[in-house]
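User: Let us go through this structure by question and answer. Please keep it brisk.

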Amino acid sequence: MSTEDELIRLAQSGDSDAFCLLAEAYERRIYSLAFHYCREREDAEDLSQEVWLKAYAALSSFRNESTFYTWLRRITINCFLNYRRTKSARAHHETLDDSIGRQPVQADGGAATVPFESTLQNRLVVESVMQALACVTPQQRLIFLLKHQEGMTYAEISAELGCSLGTVKKSVARTVEKLRGKLRVDDAPVDCLSSAATGVLR
Amino acid sequence: MHNCKSIRNDFVELAGDETPTTRAKQLLAEVNSCAACREEYAAVRRAVHVSGQALRSTLPTETFWPAYHERLKSRLASSQTQNIQTPVAVRTSLGSRLLQTLRSFASTSVRVPVPAALALLLLIGAAFFVLRPGPQTTVAVVTNPLPVPEIRTVEVPVIKEKVITRVVYVEKKLRSGAAPEGFVVGSPANALALRNASDHAPLSLVDFKPADEVKLTVIKSGFKDEKR
């Protein structure tokens with residue numbers, strides 16, 4: 001039995017410390033996803049903690065049929081969709097610049113843990129990505145995040161969100177179109193975009 | 001036959017590794033054969049990979065997490081105390097639980113296809129018309145019947161009037177009596193002279209007062225061209 005399985009078993013029996021250790025393993029991914037989805041630090045924290053509370057409440061229903069993270073991601077997506085429903089009721093007119101300004105990402109002391117954002121150039125790339133994501137609908141944003149941040153396939157996204165495969169494809173294509181416009185990758189040489197990103201480019 | 005437009009629709013999927021291997025090989029071979037498509041595909045790949053890398057790498061600094069943990073622990077603790085208190089509360093108030101269930105039922109959104117929703121609406125509408133109560137038959141008890149109105153035919157004499165219309169032509173300027181002396185009514189020369197005179201002396205309505213009565217003199221057989 002792996003450490004994770006042991007932690008899950010302990011958490012299921014009511015050990016909140018074991019659950020906190022489980023949360024520690026995945027909290028960065030969940031928080032990052034939440035932050036890119038709602039684009040505000042406070043909302044991202046609330047949303048990610050809501051995911052953990054829901055997961056803790058529903059932990060008895062986890063049957064090891066999938067990995068813990070897959071199960072957790074399902075809860076995350078449901079939380080995001082609920083968040084969108086509640087959020088759509090109130091106006092959401094804050095500019096992206098404000099949200100970028102309030103990002104928890106800081107240059108001081110964080111360089112070791114934030115390799116991509118360690119340079120000003122990369123910060124600009126991240127800001128452009130955030131701006132492009134702000135231009136698409138929440139669903140398109142979520143689909144893009146699930147695809148290119150979480151690495152899910154179109155079929156998995158379609159099944160998780162309950163939408164058609166065509167919708168997923170169109171959403172990703174629309175977001176990529178926005179990203180191309182914001183990142184200006186069409187005419188820029190690769191090394192101008194990000195030295196960190198060049199490693200994955202051909 | 002290479003078609004740039006059709007092949008470019010597949011670039012996002014190809015860049016996202018969503019294309020099956022054999023198809024991906026075909027597409028890449030086709031992309032390499034066309035310079036424009038090669039450029040386009042490279043741009044899509046760059047956008048996808050740079051943004052993916054940026055998204056995955058954006059994380060708060062390590063100083064952020066201890067406080068985050070503390071907040072999560074406190075929220076978990078508070079949720080645990082709520083969970084302990086909740087069963088007692090649920091057992092004591094079944095009505096509130098029912099109310100909560102109804103509220104959640106009312107607030108839950110159910111996805112219904114548009115044709116099904118329309119059919120349902122039509123069914124409800126038809127059921128409403130079919131099941132609604134028919135027109136109520138009222139039985140009026142006549143205790144004191146009204147007297148039946150008596151119909152009589154009354155002959156009323158109709159006075160028929162015969163209207164005779166006769167057209168009489170009268171010159172306007174002569175009717176007003178403003179003709180200068182020596183003018184003979186109906187003479188074409190005098191009419192011309194009168195027109196010239198009026199051209200020299202411009203007409204003015206300053207002292208004009210409309211008469212209460214208009215005296216009209218009709219001269220029968222006064223002119224040669226009078227119509228009878």
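User: What volume does the second largest pocket have?
Analyst: The model is predicted; local features need pLDDT of at least 70, side-chain atom pairs count only at pLDDT 80 or more, while totals for chains, interfaces and linings use all residues. Residues are numbered from 1 along each chain as written, chains are lettered from A and ligands numbered from 1 in written order, and side-chain values use heavy atoms, without hydrogens and water. A pocket is an open set of points on a 1 Å grid over the protein atoms alone, where a 1.4 Å probe fits, with protein on both sides within 12 Å along at least five of seven lines. Volume is the space filled by probe spheres on points joined across faces, edges and corners, and for the second largest pocket it is about 300 Å³.

User: Which residues are closest to the centre of the second largest pocket?
Analyst: Lining residues have an atom within 4 Å of a point. The second largest pocket has 15 of them. Closest to its centre are A:Ala173, A:Glu177, B:Arg8, B:Asn9 and B:Val12.

User: Which element supplies the largest share of the lining of the second largest pocket?
Analyst: Helices are DSSP runs of H or I with at least four residues, numbered from the N terminus. α9 (165-183) of chain A, with α2 (11-15) and α4 (35-57) of chain B, each give at least two lining residues. The largest share is seven residues, from α9(A).

User: How many charged residues are in the lining of the second largest pocket?
Analyst: Asp, Glu, Lys and Arg count as charged; Ala, Val, Leu, Ile, Met, Phe, Trp, Tyr, Cys and Pro as nonpolar; the others, Gly among them, as polar. The lining has six nonpolar and one polar residue. Its charged residues number eight.

User: What share of chain B is buried?
Analyst: Buried means under 20% relative accessible area with a 1.4 Å probe, protein chains only. In chain A, with ten helices and zero strands, 49% of the 202 residues are buried. Chain B has nine helices and zero strands. Of its 228 residues, the buried share is 18%.

User: With which side chain does the side chain of B:Asp10 make a polar contact?
Analyst: B:Asp10 sits in the loop between α1 (4-8) and α2 of chain B. Beyond four places in sequence, it touches B:Leu27 and B:Arg23 (contact: heavy atoms within 4.5 Å). A polar contact pairs N or O atoms within 3.5 Å, one able to donate a hydrogen and the other to accept it. At 3.0 Å, the partner is B:Arg23.

Terms used
Buried means under 20% relative accessible area, exposed over 50%, partly exposed in between (1.4 Å probe, protein chains only).
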